[in-house]
Amino acid sequence: MDLKTLKYDAIIVGGGGAGLRAALQLSKSGKKVAVVSKVFPTRSHTVAAQGGINAALGNRDGEDDWRYHMYDTVMGADFLGDQDAIEYMCQHAPATVLELEHMGMPFTRDENGKIYQRAFGGQTREYGKKNVHRTCAAADRTGHALLHTLYQQNVKAKSHFFSEWYALDLVKSETGGVSGVIVECIETGELNFLQSKAVILATGGAGQIYKTTTNAYTCTGDGLGMVLRAGFPIQDMEMWQIHPTGIYGVGSLISEGTRGEGAYLINSEGERYMERYSPNKKDLDCRDVVSRCSIQEIQEGRGCGPNKDYVLLRLDHLPKEVIEKRLPGITELARTFAGVDPEKEPIPVIPTAHYMMGGIPTNKYGQALTTDKNGNDVIIDGLYAAGECACVSVHGANRLGANSLLDIVVFGRASGMHLEEDLKDGKPFSKPSEEDIGRCLSRYERWMSSTDQSGSEPFAEVRSDMQQIMMDYFGVFRDGKGMQEAMDKLLAIRPRVQKAYLGDKSKTFNTSLVEALELDNMIEVAIATAYSALYREESRGAHSRIDFTERDDKKFLHHSLYFIDGRLEKREINMKPELVEPFELREREH
Amino acid sequence: MSKKVISVQRFNPETDKKPYMQEYQIDTNDFHGTMLLDALEHIKTMDQTLTFRRSCGEGVCGSDGVNINGKNGLACITDLRKLPKTIKVRPLPAFPIVRDLVVDMEQFYSHYESVEPYLQNDDEPATERIQSIDERAKLDGLYECILCACCTTSCPSFWWNPDKFLGPAALLWAYRFVADSRDTATEKRLDQLEDLFKLFRCRTIMNCADVCPKGLNPTQAIGHLRDEMIDRAI
């Protein structure tokens, strides 16, 4: 096969917030850098983030401290987060947000002309004692404002983009590191090998493994598939955040910022049920908690609507001005997708798959990790990961709202900075393994030569079956028996993917080919989720099992690492922050 | 609502000499969702060769701008229930067609980049730059642009002079930075628009404001830019 090789100092895969922040760092360093993005960068899913980005600026409350933010994040993560990484993120949050403001991000302002901050779930001051307004917002379009600002800065820095190019696989070096990535130009079908001294994966989440999700069509876990096929592990894949407020029947997100501005959930009796479950935090308790409560309300017969299968989010009591100025985006979404005017009537909502806490394990510099025979961390030469595809791990078993925009910018920057230093120190190209290039191309060849014979089916049917299984068995509540059944079904789907056919063999803008290649990634993410979830026989954060209802720190206070052959390993949680004493294990408060 | 006819303009340069319309009969009960994008996705499960862009599916990423019964809009927030029985879907006009509903947006992006769409201000204050609520309000109706190109490709002035007239989207972005109290490059920005075509080719036809899926008004932004130019000329 005709394969052109191009050489770069660094290749970034993904043009969302993490990829763009890393690109900005490296473009300014004068190195030869390129971003590969399967969509034009401002179409990346960061654009859909709504509520805000956390930073202890204290603009509204007079005082706030990154250590309080760190405490909330550790607690919210149900102690599965790495405290060194959480410390790094929270400490750097204020400077990160100010830098975005300096770049031109159009934050909403308070009466002092400072960045407007709103309340969000799981956020406190003085280690749980007081409420806080920590979430910096641009109305309820913070992700859009952030992504466009970062793209604009890359226009200014003249960053190079392979826009609408799709990354197929990582090419390994002869010494087991990463030598570059095989990419396809979607418009022309041309395949290239981008050889680089390092690859930063910033490929985002994989919510599309679920039938209903807040995630874009493009969130298909591409980076995770690439890493698994290269023989490296992914971490904590049982941890999926099911967001309390997706629009019923559609999945579109209604920001937690809505509740931050005073909205609340009600059941069929009109009761504000979160007051009963969580007397202090109420509707602003952590997302895993609120989603469980909503499902419990529905299971106990207090759901709304003819089928009693959703709850309602009320905001008609909020001042018109608050809705118009601070929640214009969700107002638009509610009108378009739920057919309700939130100024007058409540929005039907349901817990909806939203965010992948797990991902490619990295240290706080974004360097991707694997393990040696003794279970010690080993840095993978030439590979970084940042953003939702990475598991650094700042979100542990449950992410706090508005920590994801923070995560992508902080660790996009950290990866860029670390790689910049490595390049300055003369990091060389590694020698790519010819055999591995063959492996990378084989997937493309399989799809392009697939035929419509008996026993094969269109790939979209296989995808749909997988999405239904994930939806049915890996939602808010899980049980061992159900998950085992799901696992068997998923393992039966894997060979169907291999046999499925692609009904479009054109070289020109072949989006079906991209979707087929994405399905290869999604099925592996789904299977990783099943293995990891079955392994973790406890309830922690978003992983809530009806057969193991308690958190079990004796047995499960560690990360789970999954390899593509089904192997699971334990990995120690980092409890060693540099500047503060570690937060000791305790029960979460509600 | 149940049966609809979706007539899609098809073109694959590998096999077709010119574009043609292909009809798909659909039953809206056969798939989930009520938007035109849901129908296109459903058709794609039956005919994998049908080609279009999409990403967020909720009107914020700007990928799926298409021409729907003669009017530009986003497929993902265009409700099938509000459309007639027969729906003609064509690519956005005025751009070269890559394949089916996918157009080449190179020129659109290069006009956008030409207005230097980034804040210019060399100060590096220790905290955020202070901006009053009123100053910030001037960015509302501007910063929300999603670069879908529905406006620019509906503009007859752009159709006539796509290489010289920057079009409503790029000009909206130009004004977004002129209107920003934090930006210090207004003079340079206006200088760059001193030209017979770039800005002044707008004839206030207002198709842009009519089609914008985010409810923005590029004509008004262009009017503000003209006012700024006139103000500094007298």
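This is a predicted model: local features need pLDDT of at least 70, side-chain atom pairs count only at pLDDT 80 or more; totals for chains, interfaces and linings use all residues.
**Arg229(A)**

Setting aside neighbours within four places in sequence, I find Arg229(A) in contact with Leu168(A), Asp169(A), Arg439(A), Arg443(A), Asp520(A), Asn521(A) and Ile564(A); contact means heavy atoms within 4.5 Å. Arg229(A) belongs to helix H5 (residues 222-229) of chain A. Helices (H or I, at least four residues) and strands (E, at least two) are DSSP runs, numbered from the N terminus. Buried or exposed? Arg229(A) has 19% relative accessibility, so I log it as buried. The cut-offs: buried is under 20% relative accessible area, exposed is over 50%, and partly exposed is in between (1.4 Å probe, protein chains only).

**Ground rules**

I number residues from 1 along each chain as its sequence is written, and chains are lettered from A and ligands numbered from 1 in the order in which they are written. Local features need pLDDT of at least 70 and side-chain atom pairs count only at pLDDT 80 or more, while totals for chains, interfaces and linings use all residues; side-chain values use heavy atoms, with hydrogens and water left out.

**H14 and H15 of chain A**

Asp520(A) turned up again in a helix pair, on the H15(A) side. The axes of H14 (residues 480-499) and H15 (residues 511-535) of chain A come within 10 Å and cross at roughly 155°. Axes here are lines fitted to C-alpha atoms, for helices over the stretch in contact, with angles from 0 to 180 degrees between N-to-C directions. H14(A) and H15(A) are therefore roughly antiparallel (under 35 degrees is roughly parallel, over 145 roughly antiparallel, 65 to 115 roughly perpendicular, the rest oblique). Their crossing is left-handed, meaning that the near helix is turned anticlockwise from the far one by less than a right angle; clockwise would be right-handed. The contact includes Met483(A), Met487(A) and Arg494(A) from H14(A), and Ile523(A), Ile527(A) and Tyr531(A) from H15(A).

In the loop between H14 and H15 of chain A I looked at Phe509(A). Its phi is near 40°, a positive value in a residue other than glycine, and Phe509(A) is buried, with a relative accessible area of 3%.

Lys158(A) is in the loop between helix H4 (142-156) and E8 of chain A, and at 73% relative accessibility I count Lys158(A) as exposed. The peptide bond from Val392(A) to Ser393(A) is cis, with omega near -5°. Ser393(A) is in the loop between strand E20 (390-391) and helix H11 (404-424) of chain A.

**Rings**

How many aromatic pairs are there over all chains? I get 21, where rings of Phe, Tyr and Trp (its six-membered ring) pair if their centres lie within 6.5 Å, with planes under 30 degrees apart stacked, over 60 edge-to-face and the rest tilted. Tyr8(A) and Phe162(A) have ring centres 5.9 Å apart and planes at 80°, so I call the pair edge-to-face. Tyr8(A) is in strand E1 (residues 4-13) and Phe162(A) in strand E8 (residues 160-163) of chain A, so the pair ties together parts 154 residues apart in sequence. Tyr8(A) is buried at 9% relative accessibility, and Phe162(A) is buried at 8%.

The charged end of Lys32(A) sits over the Tyr8(A) ring, 4.5 Å from its centre; the test is NZ of Lys or CZ of Arg within 6 Å of the ring centre and within 35 degrees of the ring normal.
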